[in-house]
Amino acid sequence: MSPVLLPPQPTFTTMSEDLVWKMLRDQLGPDDVLFSGQRISSRDKDHEIDIGIAFADGGIVIAEVKGSQVWCEDGDWWIDRRGTKTRIHPVKQAREAQYALREWLDRDPRWGRRTDLRWGHAVVLPYTEVDDGFALLDAQRWQVAGRSDLPGLATFLRDVVARQANNKRVLDHDDLYALVDALNGRGLPQRDLIGEAAEREDTIERLSAEQSVILGAARQLNRVEVRGGAGSGKTWLAVEQARRLSREGQRVALTCYSRGLAAWLERRVAALPRKERPAYVGTFHNLGVEWGAPTGREDDSNFWEVELPELMVGLGAQQPVGKLFDAVVVDEAQDFADLWWPAALAALKDEDAGGLYVFSDEGQRVFSRFGGPPAGLVPLVLDQNLRNTRQIAESFSTLAPIRMRLGDVNGPEITFVECSAGEALDVAEDQVDALLDAGWRPEDVALLTTGSRHPEQKARQAAGPTQYWDTFWDQDQVFYGHVLGFKGLERPAVILALNETEPAERSRERLYVGLSRARDQLVVVGDPAFVEEVGGTRRAAAPTGPLRPPSGQGHDVTGG
């Protein structure tokens, strides 16, 4: 049986904390208490407890966890953070967090007067080997657990208080109940996931705005193709280009292939001042319908792929000039087939001098059609990921069509839940509950599939495409979709169900799209061998995450 867990399913921003928590969860007894993420404010500073353990018939130990590579030099603690040597104070952090929690409990009536218990603090270095002869002024070897101590970590930490030679007593069941009662009443036992995600979103919005300098540089050009990998801000720039042209008095069409992306564009543009809104925002095919083309059947691919584009060329020639456009902006242009580009040019008032601004990512060409924009477009390249946290961007960096620079926005580590393709949908559904329990709101979460659609998606689509995409904006529902229809869209948290039974045409592109849809939290469910075969690299097959800690050798921690 597991120990008492507070909270039951915590969310960690570092892989090392997640690893240590899971180790202790599996090693502790049913009467022990394992808690994490507790924040305590004192008059001088705020403290956060990485890991806390209350041992039945033992004491309370507060552990500071440090990942990466840690070593001691001249009596100081150091850590390697992205290649930078940084001084740290793990023993001081653990000791101060211990005293902050003790003071807080002493003021809580649910805790009562329990000043005679055993307390201790420790440091856990899950990726660093600790030398048996380690000793510093602020810590002894029995207070610092290293990589080789992990198999018996619970016993190691229990000994931190068991070694105390004093008159302090061990915890009994009443003490444990009082501790759980007090900690449950703290109100904010977990990190504020929503607040942290909002902060990252503000950072991304600022970086996207800074990147709009590329549009200023291309102001004198009327035929431009902006190329970039997933998360490079193409859609943001497409909207910004349409806004700028509209503000200048041009009649602009902002279009794409996907209904879902079109719905997002419509909502984004609706928030702009009236003079800055494009004259048309929607799918490329719906523009033809506005010109008088039939709607066609959903299952008639020949109509959408061939007949409608050819009809639109003729219909465009019949439109009065007032219904045509000075400029056409196309987002996710890699979805456009060769036959569609003549129709796009037919939408211009001046087919030769009219503006055509194309935003594309060849790595997201997930449909079995081939095409390229008209010749003569000036290429501009976006090579920095802005949307995704660094952890997520790293997982699909080898799949991008161009080498992308990763941003500095950090977030939770990726979780990879191993299962077969046949089990992926059921396992992914369990992960939905886990994310909601962790603090994400339904509106923050999407479950995407790479193979067959989820039954919930099928049920919602039965009501019609408009009703289905309305659920994307429903704040009370998790969104269920397929990677084919989710290009250009995002969610703070995404569960990617890899339910393709075997590699198929465009499986690599589907994987690339799926991995890149999460902005903050990514959970991948499936067979890592399948992912490695499709992605062609170990990085794509095994995204950095709690279930896949690094195995590299670290620096020995030696006495100063």
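Ground rule for today: I call a residue buried when its relative accessible area is under 20%. I also keep in mind that this is a predicted model.

**Entry 1: a buried ion pair**

I started with Asp-149 and Arg-141, which are both buried. They form a salt bridge, and I get 3.0 Å between the closest N and O atoms. Side chains of opposite charge can pair when their charged atoms come close.

How many salt bridges does the structure hold? My tally is 24. I picked out a couple more to look at.

Arg-519 and Asp-520 are joined side chain to side chain by a salt bridge, at 3.4 Å from N to O. Buried or exposed, I asked of Arg-519? Its relative accessible area is 7%, so Arg-519 is buried. Asp-520 is at 0% relative accessibility, and therefore goes down as buried too. I also found a network: Arg-114, Asp-116, Arg-169, Asp-172 and Asp-175 are linked by salt bridges that share partners.

Then I checked Glu-443 and Arg-441, whose side chains meet in a salt bridge at 4.0 Å, N to O. Glu-443 has a relative accessible area of 25%, so I list it as partly exposed. Arg-441 comes out at 36%, which means partly exposed again.

**Entry 2: Gln-98**

Next I went to helix α2, residues 90-106, where Gln-98 sits. Why do I count Gln-98 as buried? Because its relative accessibility is 3%, and the cut-off for buried is under 20%.

Which residues does Gln-98 touch, leaving aside neighbours within four places in sequence? I wrote down Ile-62, Trp-119, Gly-120 and His-121. With His-121 there is also a polar contact between the side chains, at 3.1 Å. I looked up Gly-52 as well: 46 residues separate it from Gln-98 in sequence, and the two C-alpha atoms are 9.0 Å apart in space.

**Entry 3: helix α8**

I ran a length check on α8, residues 259-270. Twelve residues at 1.5 Å a residue should span 16 Å, and the end C-alpha atoms are 16 Å apart, so expectation and model agree.

At the N-terminal end of α8 I found a cap: a side-chain oxygen of Ser-258 lies 3.2 Å from the backbone nitrogen of Gly-260. Gly-260 is itself buried in α8, along with Leu-261, Ala-262, Ala-263, Leu-265 and Val-269. What covers these buried residues? My list includes α7 (234-247), β11 (252-256), β12 (280-283) and α15 (465-470).

**Entry 4: nonpolar cores**

The largest nonpolar core has 54 residues, and Leu-254, Val-329, Phe-396, Leu-515 and Leu-522 touch the most other members. Which element gives the most to this core? It is α7, with six residues. Apart from this core I noted another, of 28 residues, including Ala-253, Trp-291, Ala-337 and Trp-340.

I then followed up Phe-396. Setting aside neighbours within four places in sequence, I have Phe-396 in contact with Ala-230, Asn-385, Asn-388, Tyr-512, Leu-515 and Ser-516.

**Entry 5: an annotated span**

Last, I opened the UniProt record. The unreviewed entry lists residues 486-525 as "domain: UvrD-like helicase C-terminal". In the model, I find 22% helix and 38% strand in residues 486-525, with the end C-alpha atoms 18 Å apart.

Note on methods
Residues numbered from 1 in each chain as written. Predicted model: local features only at pLDDT ≥ 70, side-chain atom pairs only at ≥ 80, totals over all residues. Heavy atoms only, no water. Helix = DSSP H or I, 4+ residues; strand = E, 2+ residues; numbered from the N terminus. Buried < 20%, exposed > 50% of the residue type's maximum accessible area, 1.4 Å probe, protein only. Contact = heavy atoms within 4.5 Å. Polar contact = N/O pair within 3.5 Å; in protein donor to acceptor, adjacent residues only side chain to side chain. UniProt positions renumbered as here; feature names shortened; annotations may be inferred. Expected span 1.5 Å × (residues − 1). Core = buried A, V, L, I, M, F, W, Y, C linked by side-chain atoms within 4.5 Å.
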